Amino acid sequence: MKLQIIFETKKIPRHYNFLGVSVVKAGLTAANSELKESLYHLDDKRANKAMRPFTGAIYLNGYTLENDEFLIHQDIRMTISSPDIGFMLNLYNGLLEQEQIQYKTYTLMIKDIKFLPEKLPTKSQALFKTNSAIVVKNRNNRYLNIGDSNYEKELNYAANECLKSIAGRPLYQSLVFTPVTMKKKVVQLKHEKFKNLNAKGLLYLNAFEGTFVLGGHPEDLAILAQAGLGFRRSQMLGCIEMINE
């Protein structure tokens, strides 16, 4: 399922990935606070590091970058995607209850919320495009370039963990990832927990966006088409869309 939220606002921060996280948390808190807590915290209040059942993308519809802020000329369109129907209905119902979302000093007025039509794979191979860049890392937390010999292996690892978290099972079949027109994008994440990394408090990620062919078991591909690919999916990364089979 894919949900689109359209916001009106005058400006947002340049580093807006965690703004998307706040929107999801606000929606879940309003509809089902227990679900929100279970996704982000364990029973002993430690952070839940399990992969979350959603991905997302944020599109700025007309903007100017001024210093560390985007001035918005039209609107912001956020897509949240997940194969978990319960999660999506709770998010939808929670957002319906609110007229606006507050993120730090920024106020986003909710203009429209709707479910989007989507195409899901039914065959063992499909052509996809990214709606937000895909991030892949190895077990040493090194973010990989798409030409790295271990890229497909670590992409499979992330997908396998995603399937275990969402469907309670591993991949039925290993994925085969074939870039078509993928280009590199350096994603900058800004959060309090990154403040000691460098003077700007930014985490820099090698990411890739564009089109690619993904091969695998059709049931796996259908789940990943909704759940996304790679790491940090719940931070508005790894959101993909099938073009055709």
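**Notes on the predicted model**

1. Helix α5 (residues 218-227) is mostly covered, eight of its ten residues being buried, where buried stands for under 20% relative accessible area, exposed for over 50% and partly exposed for what lies in between, with a 1.4 Å probe and protein chains only. The buried residues of α5 are D220, L221, A222, I223, L224, A225, Q226 and A227. Directly after α5 comes G228, with a positive phi near 95°. Helices here are DSSP runs of H or I with at least four residues, strands are runs of E with at least two, and both are numbered from the N terminus.

2. On provenance, this is a predicted model, in which local features need pLDDT of at least 70 and side-chain atom pairs count only at pLDDT 80 or more, whereas totals for chains, interfaces and linings use all residues. Residues are numbered from 1 along each chain as its sequence is written, and side-chain values use heavy atoms, with hydrogens and water left out.

3. Helix α1 (residues 17-31) packs against helix α2 (residues 33-40) at an angle of about 135°, with the axes 6 Å apart; axes are lines fitted to C-alpha atoms, for helices over the stretch in contact, and angles run from 0 to 180 degrees between N-to-C directions. The two helices, α1 and α2, are therefore oblique to each other, given that angles under 35 degrees count as roughly parallel, over 145 as roughly antiparallel, 65 to 115 as roughly perpendicular and the rest as oblique. On the α1 side the contact (heavy atoms within 4.5 Å) is made by V21, V24, K25, L28, T29 and A31, and on the α2 side by S33, L35, K36, L39 and Y40. By class, this contact has seven nonpolar, two polar and two charged residues, with Ala, Val, Leu, Ile, Met, Phe, Trp, Tyr, Cys and Pro counted as nonpolar, Asp, Glu, Lys and Arg as charged, and the others, Gly among them, as polar.

4. The axes of α1 and helix α3 (residues 85-96) come within 7 Å and cross at roughly 85°, which makes α1 roughly perpendicular to α3. Here V23, V24, G27, L28, A30 and A31 of α1 meet F87, N90, L91, N93, G94 and L95 of α3. The residues of this contact divide into eight nonpolar, four polar and no charged.

5. Which residues are linked into a cluster by ring pairs? They are F128, Y151, F177, F208 and F212, where rings of Phe, Tyr and Trp (its six-membered ring) pair if their centres lie within 6.5 Å. By this rule the count comes to ten aromatic pairs.

6. Two charges also sit over rings, a term that requires NZ of Lys or CZ of Arg within 6 Å of the ring centre and within 35 degrees of the ring normal. The charged end of K25 is placed over the ring of Y40, 4.4 Å from its centre, and R169 lies over the face of Y172, at 3.6 Å from the ring centre.

7. Some single residues deserve a check. N67, in the loop between β3 (55-66) and β4 (69-81), has a positive phi of about 60° although it is not a glycine, and at 68% relative accessibility N67 counts as exposed. S234, in the loop between α5 and β11 (240-244), counts as buried at 10% relative accessibility and touches V21, R52 and F54, not counting residues up to four places away in sequence.

Terms used
Rings of Phe, Tyr and Trp (its six-membered ring) pair if their centres lie within 6.5 Å; planes under 30 degrees apart count as stacked, over 60 as edge-to-face and the rest as tilted.
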